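User: I have a model open and want to go through part of it. Can you take some questions?

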Amino acid sequence: MSTHDNLPATTTADEQAAIEAATAALPAHAPRRTDVDPKAARRAERQVALMFLGSALMTVLFVVAFVAIPVDETVYIWGIGPTNASNIALGVTFGLAIFLIGAGAIHWSKKLMNEKEVVQLRHPLSSTDEDRQAAIDAFDEYSADSGFAQRPIIRRSLITAMVLFPIPLVVMLRDLGPLPGTVLRETLWRPGSRIITDPTGRPIRPSDLAIGGLISAIPEDLPAVQEEEHNLNARAKAAIILVRMEPQEIVSQQGDNWDFGGILAYSKICTHVGCPIALYQQRTHHLLCPCHQSTFDLADSGNVVFGPAARRLPQLPITIDPEGFLVAVDGFAEPVGPSFWERGNS
Ligand code: FES
């Protein structure tokens, strides 16, 4: 037991007396086993190092699991049922990597660091130069007490764990996906793609859509492509909405006569961050995104009239085929969905 050896130079006689009184009231210091038994101290040292190295190992296993386990692999967990194997492996390894660093640090402080009791007065928050110097001296003292410099095995294993620990954060950048490149510029819509209802898959005639009506639709070949790809990427890009209004209500379009008899086709994917949109107000011709309230005027080229979206909804030019069903004249002229780095101003 001892008082603080680095009292600020401004400590008054009264403060000194208070410190001494508080110090005298402290119970007698009881040394730990590791304080008196060098073997116990070495054992604790090895335990701490093992935990730090265990953390490093977990970090490496995290990276291995991230690369090696397919994202759609499942595993049966008792009490939970079939679960995504990648999520389980990443969660367990990352959790243990954090836990073992914390557990090692606690074990180190409890078993090996100097645990002498200290009495210290509270002073105003703004420190004087003398106080700052005292803090530096105290830091040096406690640093020496912790044995950080004298216990190289702990120091190196901790440094190893801390250096490897941020790696999962970097590796997980892969989950942001590849750079889009041309992927978002291409959808399944081609000249002549027949427009079918989503999800019932029925071809659409102009007479199926009343003035003020809205239909969610997809290209006819989407179901087959989706089955082949086993994912929803193609659907996420190709989904459209059809709305019908009086032709004279149309203020502007993204191309000449891209409507068919007042029927307009727009991408269903919000240009803010990609929510699907289908909240249509017939009277104003406004389409409202439920996520962050971006609002698009479908009678005026799909322009943004409110909200955080920075770009208009891409319009799909449509007509009818010889059988009288609605088809695309061409693909989208602009990339669908949210902005991305290479998109530029299109
Ligand atoms: S995703 Fe539509 S407003 Fe944000």
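User: Leaving aside neighbours within four places in sequence, which residues is L242 in contact with?
Analyst: L209, L214, I215, A217, I263 and A265. Contact means that the C-beta atoms, placed from the backbone, lie within 7 Å. This is a predicted model: local features need pLDDT of at least 70, side-chain atom pairs count only at pLDDT 80 or more, and totals for chains, interfaces and linings use all residues. Residues are numbered from 1 along each chain as its sequence is written.

User: ok, and what is the bridge partner of L242 in β6?
Analyst: A265. Strand β6 (residues 263-267) pairs with β5 in the antiparallel sense over 5 bridges. Strands are DSSP runs of E, at least two residues, numbered from the N terminus, and two of them pair if DSSP finds at least two bridges between them.

User: What stands opposite V243?
Analyst: L214 does. β4 (residues 214-219) and β5 are antiparallel, with 4 bridges.

User: Is β5 buried or exposed, then?
Analyst: Buried, for 5 of its 5 residues (240-244). A buried residue has 20 or more other C-beta atoms within 10 Å of its own. Both faces are covered, with I240, L242 and R244 on one side and I241 and V243 on the other.

User: Which residues touch the most other members in the largest nonpolar core?
Analyst: I195, A217, I240, L242, Y266, L316 and I318, out of 38 residues. Such a core is a set of buried Ala, Val, Leu, Ile, Met, Phe, Trp, Tyr and Cys residues joined through C-beta atoms within 7 Å. Another core, of 20 residues, lies apart from it and includes V48, M51, F62 and W108.

Terms used
Buried ≥ 20, exposed ≤ 12 C-beta atoms within 10 Å, placed from the backbone. Contact = placed C-beta atoms within 7 Å.
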